[in-house]
Amino acid sequence: MALNQTYSYQSIANIIDDLTGRYQRINETYPLDKNNAVEWATDCLRQIGGGITQEFIYHTKVKNNIIQLPDNVDKIDGVYMSKDCNIQQIAWQNSHLYALKLVGSVKSNLLCKDCCNTMVKDSRDTVSINYPYLVFNFTDNWVVVDYYGFQKDEDGLVMYPDEPSVKEALKNYILYHWLREPYLLNEISQYLYKDIEKDKDKYISQAKSAFVIPDVMQARGIIERNNNRYAKFQLTRYRITQ
């Protein structure tokens, strides 16, 4: 299954409703917290990876040397200083931006492989990743975070591609975490719980495969993306004099 295949997207709310209905008796004793379910679903989608994210531009002001990342972040593609606090649509060619030097300990799973910031060596302005925050050596300036993340519905809940293995992976991942307490208290069958764990791992593996098989169009997309990233870096790597 190729990355360029178009999927419809469904809200995680559908899976939460399905699980609470199916496991109604357990839900009465151990109510499924929606926030926990969304967090588990997001973790599952991060494990699947592949082509289930889209690019977002997040423009915000640094206060007390930090910003909090949006909660749908999967990978960071670049962090830039912005001269113009009124940017509506980022046009890289306008030279409003320059990349910051990446310093400190970094969780590699939050960075794209060829993130622009890993190439910057001479900027006096720096950024470090302390998820879910970015930490800067300045404050009160505007920054732009170019990142890949998960789509959300109108209620702010994460969405997933309507692909069978992804749906089953999410169901079993949420079940695995939700039912852990009753399992440890011997209130559900250990065989049921072990089957859920096996299905979780099986469907995550299948979902990963569904989104990593390349084709010609995907290869072209990768080349174009790398070219655009290099051009973006060339245009933004140097500090713009105020």
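This is a predicted model: local features need pLDDT of at least 70, side-chain atom pairs count only at pLDDT 80 or more; totals for chains, interfaces and linings use all residues.

Colleague: How are the rings of Phe-56 and Tyr-147 arranged?
Modeller: Their centres are 5.3 Å apart. The planes meet at 15°, and the cut-off for stacking is under 30 degrees. So this pair is stacked.

Colleague: How many residues apart in sequence are the parts that Phe-56 and Tyr-147 tie together?
Modeller: Phe-56 belongs to strand 2 (residues 54-61), while Tyr-147 belongs to strand 9. Phe-56 is partly exposed at 21%, whereas Tyr-147 is buried at 5%. Since they sit in those two strands, the pair ties together parts whose separation in sequence is 91 residues.

Colleague: Staying with strand 9, is Val-144 buried or exposed?
Modeller: Val-144 is found in strand 9, which covers residues 142-149. With a relative accessible area of 0%, Val-144 is buried.

Colleague: Which tyrosines do ring pairs link into a cluster, and which lysine lies over a ring face?
Modeller: The cluster is made of Tyr-176, Tyr-183 and Tyr-193. Over the face of Tyr-176, at 4.7 Å from the ring centre, lies Lys-200.

Colleague: What about the open sheet: which strands are at its edges?
Modeller: The sheet has four strands in the order 3-8-7-6, with mixed pairing. An edge strand pairs on one side only, and that applies to strand 3 (66-68) and strand 6 (101-102).

Colleague: Which residue is the bridge partner of Gln-68 in strand 8?
Modeller: Strand 3 and strand 8 (residues 133-136) run antiparallel and are joined by three bridges. The partner of Gln-68 in strand 8 is Tyr-133.

Colleague: Is Ser-128 buried or exposed?
Modeller: Ser-128 is found in strand 7 (residues 126-130). Beyond its neighbours within four places in sequence, it touches Val-103, Tyr-133, Leu-134 and Val-135. Its relative accessibility is 17%, and the cut-off is under 20%, so Ser-128 counts as buried.

Colleague: Does the length of helix 3 agree with what its residue count predicts, or disagree, and what is the end-to-end distance?
Modeller: Helix 3 has 15 residues (34-48). At 1.5 Å a residue, it should span 21 Å. That agrees with the model, because the end C-alpha atoms are apart by 21 Å.

Colleague: Which elements do the buried residues of helix 3 pack against?
Modeller: Those buried residues include Ala-37, Val-38, Trp-40 and Leu-45. They pack against helix 1 (12-22), strand 10 (159-161), helix 4 (164-178) and helix 6 (190-210).

Colleague: And which residue caps the N-terminal end of helix 3?
Modeller: Just after the helix, Gly-49 takes a positive phi of about 65°. At the N-terminal end, a side-chain oxygen lies 3.1 Å from the backbone nitrogen of Asn-35, and the residue providing that cap is Asp-33.

How values were computed:
Residues are numbered from 1 along each chain as its sequence is written. Side-chain values use heavy atoms; hydrogens and water are left out. The expected span of a helix is 1.5 Å times one less than its number of residues. Buried means under 20% relative accessible area, exposed over 50%, partly exposed in between (1.4 Å probe, protein chains only). Contact means heavy atoms within 4.5 Å. A polar contact is a pair of N or O atoms within 3.5 Å; within protein, one must be able to donate a hydrogen and the other to accept it, and residues adjacent in sequence count only if both atoms are side-chain atoms. Two strands pair if DSSP finds at least two bridges between them. Rings of Phe, Tyr and Trp (its six-membered ring) pair if their centres lie within 6.5 Å; planes under 30 degrees apart count as stacked, over 60 as edge-to-face and the rest as tilted. A charge sits over a ring if NZ of Lys or CZ of Arg is within 6 Å of the ring centre and within 35 degrees of the ring normal.
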